[in-house]
Amino acid sequence: MPDNDHQLAADIAAQAAELLNQLRQGNTAGDKALGALGDAKSDALIAHLLRQARPDDGLLSEESAPDDARLRLRRVWVIDPLDGTREYSERERDRSDWAVHVALTEDGLPTACAVALPALGQLFSTAAPALAGAPPGPIRILVSRSRPPAIAERVAGMLGAELAPMGSAGAKAMAVLRGEAHAYLHSGGQYEWDSCAPVGVALAAGLHASRLDGSPCRYNQPDPFMPDLLICRRELAPALLDAIARAQAESA
C-alpha cells in the first residue's frame with residue numbers, strides 16, 4: 001500500500017469499484033439482495049485494506065457500527081462503500097449514478113479523499129484534482145432523485161435555475177466537477193459518509209463546499225447526522241447562499 005494518503009484513498013476506492021462492478025455483472029440475485037451484497041462486500045474490502053495500511057487510524061462506515069474510540073483520534077477514515085445502493089441495484093436500467101466514497105479526515109476536516117464512479121470507469125481524488133469548465137446555459141442544480149428538497153425549488157425560482165435529479169451524492173458532486181452542472185444542493189437528511197469524500201475532492205478541485213448556512217463541513221462528530229450540503233462552482237457560492245438564506249427566511 002502507498003505511503004501517500006491521497007494515493008491510498010484512490011487505490012482503495014478503485015479496488016472497491018472493481019469489486020462492485022464484478023458483483024453487479026456476475027450475480028443473479030434480485031435487486032434488493034444485490035444491493036445488500038454490494039454494501040457488505042465493499043465494506044469488508046475497504047475495512048480490510050485500511051486495517052492493513054493504517055492500523056492506528058479510526059474508521060466510520062455506513063455499514064459498520066460506530067466505534068466511539070474514533071472520537072479520541074485525529075485521523076479517522078469516513079467511508080461509504082456503496083453510495084447509491086438503489087441505483088446500483090437497478091441493473092436492468094443500467095444506472096451509473098452510484099459511487100464509492102473513501103475519505104481521510106484529520107481533526108474533523110477531509111484531507112485525502114477519493115470518489116469512484118464504477119459504472120463509468122472514473123475515479124476522482126485529491127491525489128490529482130481537476131475541474132472542468134462550467135456548463136453553458138442557465139444555472140443547473142442537481143438534487144436527490146428520491147428526496148428532492150423543497151428549498152431547492154425556491155432557490156431555483158429566485159435564480160432562474162433548473163433542477164436535475166440524480167442518484168448518489170458522490171455522483172452528483174462529481175457531475176459538478178465534470179462540468180455537467182453548476183451546483184449540488186441537498187437538505188433533509190444525510191450522514192457524514194454521504195458527503196465526506198465528495199466534499200474533500202470538491203474542495204481540492206477548487207469548488208465551494210459547505211453546509212447550507214455557509215459553515216464548513218466538519219466530520220468525525222459524536223452524531224454523524226449531517227442533513228444539508230451545498231457543492232457548487234466557487235463564483236456562484238455567494239448568490240446561492242444568499243438565495244438559500246432568503247428561501248429559509250420566507251419559509252420560517
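His101 is buried, with a relative accessible area of 0% (buried means under 20%, exposed over 50% and partly exposed in between, with a 1.4 Å probe and protein chains only). The model is a predicted one, in which local features need pLDDT of at least 70 and side-chain atom pairs count only at pLDDT 80 or more, while totals for chains, interfaces and linings use all residues. Residues are numbered from 1 along each chain as its sequence is written, and side-chain values use heavy atoms, with hydrogens and water left out.

His101 sits in strand 3; strands (E, at least two residues) and helices (H or I, at least four) are DSSP runs numbered from the N terminus. A polar atom of the His101 side chain lies 3.4 Å from the backbone nitrogen of Gly170, and one lies 3.1 Å from the backbone oxygen of Trp193. Both are polar contacts, that is, pairs of N or O atoms within 3.5 Å; within protein, one atom must be able to donate a hydrogen and the other to accept it, and residues adjacent in sequence count only if both atoms are side-chain atoms. Beyond four places in sequence, the residues that His101 touches (heavy atoms within 4.5 Å) include Asp80, Asp83, Ser168, Asp194 and Pro198.

Now to the sheet around this histidine. Strands of a sheet pair through backbone hydrogen bonds, either parallel or antiparallel. Here 5 strands form an open sheet in the order 1-2-3-4-5, with mixed pairing (two strands pair if DSSP finds at least two bridges between them). Its edges are strand 1 (58-61) and strand 5 (122-125), each of which pairs on one side only. On average, neighbouring strands are turned by 15° against each other, direction ignored. Strand 3 and strand 4 are antiparallel partners over 7 bridges, and Glu106 has Leu109 of strand 4 as its bridge partner.

Two helices meet this sheet. Helix 5 lies across strand 2 (75-83), strand 3, strand 4 and strand 5, at about 95° to strand 4; axes are lines fitted to C-alpha atoms, for helices over the stretch in contact, and angles run from 0 to 180 degrees between N-to-C directions. Helix 6 packs on the sheet too, touching strands 1, 2, 3, 4 and 5, and its direction makes about 95° with that of strand 4. Among the buried ones are Glu192, Trp193, Asp194 and Pro198. After helix 6 comes Gly206, with a positive phi near 100°.

The largest nonpolar core holds 34 residues, and Leu142, Met174, Leu177, Tyr184 and Ile231 have the most contacts inside it. Such a core is a set of buried Ala, Val, Leu, Ile, Met, Phe, Trp, Tyr and Cys residues joined through side-chain atoms within 4.5 Å. Elements giving it two or more residues include strand 3 (99-106), helix 5 (169-177), helix 6 (192-205) and strand 10 (228-232). Apart from this core lies another, of 25 residues, among them Ala17, Trp77, Trp98 and Ala112. Leu177 touches, among others beyond four places in sequence, Phe124, Leu131, Val201 and Leu207.

Leu185, in strand 8 (residues 183-187), is buried with a relative accessible area of 1%. Leu185 and Ile231 are 46 residues apart in sequence, yet their C-alpha atoms are 6.6 Å apart in space.
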